[in-house]
Amino acid sequence: MQAYSSGNGIKKIQIQKENKIMSRKIKEVKDSITVMTQLVMPNDTNPLNNLMGGNLMRWMDVGAAICGGKHCEEYVVTASVDHVSFERAIQLGEVVTIKSYVTRAFATSVEIFVEVFAWHLRHQLKFL
Ligand SMILES: CC(C)(COP(=O)(O)OP(=O)(O)OC[C@H]1O[C@@H](n2cnc3c(N)ncnc32)[C@H](O)[C@@H]1OP(=O)(O)O)[C@@H](O)C(=O)NCCC(=O)NCCS
């Protein structure tokens, strides 16, 4: 494999496939960053009016799937989840932002890091 920069500044890589030399654009992390935003509605919460962890994990899964799909140019599935920790409760009416980005690419799989931020329209940004 050999990387080079084409005339228009786009970084490309040469790969050999089935005895043919092909070139494709090098994929950078920024090419697949995915940002999703959700408003926490009553149907998303537990009896304490906080967002249910399972609903948040579903949104995180969708964000990661879109990010992985953009990187791989194909539908992807979640093979495993390393670590999830809920450090603060997210309340009814807050705006949740879920940011997903590729942190490592392997032969046929990718590692995706997902960050969650919650925002109350009347208060400050929370980091979770
Ligand atoms: C994930 C899955 C495709 C792996 O299938 P498999 O036949 O074991 O595939 P392989 O052994 O060829 O592995 C393919 C890649 O996945 C990676 N992988 C497989 N299982 C993994 C796991 N539990 N955690 C992390 N990576 C895993 C392998 O390391 C390999 O990566 P690489 O080629 O970059 O080195 C398969 O187990 C599956 O379809 N699981 C269900 C996924 C799903 O439905 N998710 C939704 C949630 S229920």
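Two strands are taken as paired if DSSP finds at least two bridges between them. I keep that criterion at the head of these notes, and I record that the model is predicted.

**Entry 1: domains**

I looked up how the chain is divided. The assignment gives domain 1 as residues 1-26 and domain 2 as residues 33-127. I then looked up the separation of the two domains; their centres, taken over C-alpha atoms, lie 33 Å apart.

**Entry 2: strands 2 and 3**

I turned next to strand 2, residues 11-17. In which sense does strand 2 pair with strand 3, and over how many bridges? The pairing is antiparallel and runs over six bridges. As one instance, I noted that Q16 has I21 of strand 3 as its bridge partner. The two strands form a hairpin, with two residues between them. In that turn, I found that E18 has a positive phi of about 50 degrees.

I also looked up the cover of strand 3, which spans residues 20-25.

I looked up residues other than glycine with a positive phi. N49 is one of them, with a value of about 65 degrees. I located N49 in the loop between strand 4 (34-39) and helix 2 (53-72). Is N49 buried or exposed? N49 counts as exposed because it has 12 C-beta neighbours inside 10 Å, and the limit for exposure is 12 or fewer.

E73 is a further entry, with a positive phi near 55 degrees, although E73 is not a glycine. I found E73 in the loop between helix 2 and strand 5 (95-105). E73 has 9 C-beta neighbours inside 10 Å and therefore counts as exposed.

**Entry 3: D82**

Where does D82 lie? I placed D82 in the loop between helix 2 and strand 5. With 6 C-beta neighbours inside 10 Å, D82 counts as exposed. I then looked up its separation from E111, which is 29 residues away along the chain. The C-alpha atoms of D82 and E111 are 9.8 Å apart.

**Entry 4: the ligand**

Lastly, I looked up which residues are around the ligand. I listed V77, T78, A79 and S80, together with F106, A107, T108 and S109. How does this shell divide into nonpolar, polar and charged residues? I recorded four nonpolar residues, four polar residues and no charged ones.

Technical notes. Residues are numbered from 1 along each chain as its sequence is written. This is a predicted model: local features need pLDDT of at least 70, side-chain atom pairs count only at pLDDT 80 or more; totals for chains, interfaces and linings use all residues. A residue is near a molecule or strand if its C-beta atom, placed from the backbone, lies within 6 Å of it. Ala, Val, Leu, Ile, Met, Phe, Trp, Tyr, Cys and Pro count as nonpolar, Asp, Glu, Lys and Arg as charged, and the others, Gly among them, as polar. A residue is buried if 20 or more other C-beta atoms lie within 10 Å of its own, exposed if 12 or fewer, and partly exposed in between; C-beta atoms are placed from the backbone. Helices (H or I, at least four residues) and strands (E, at least two) are DSSP runs, numbered from the N terminus. Domain bounds come from an automatic or database domain assignment.
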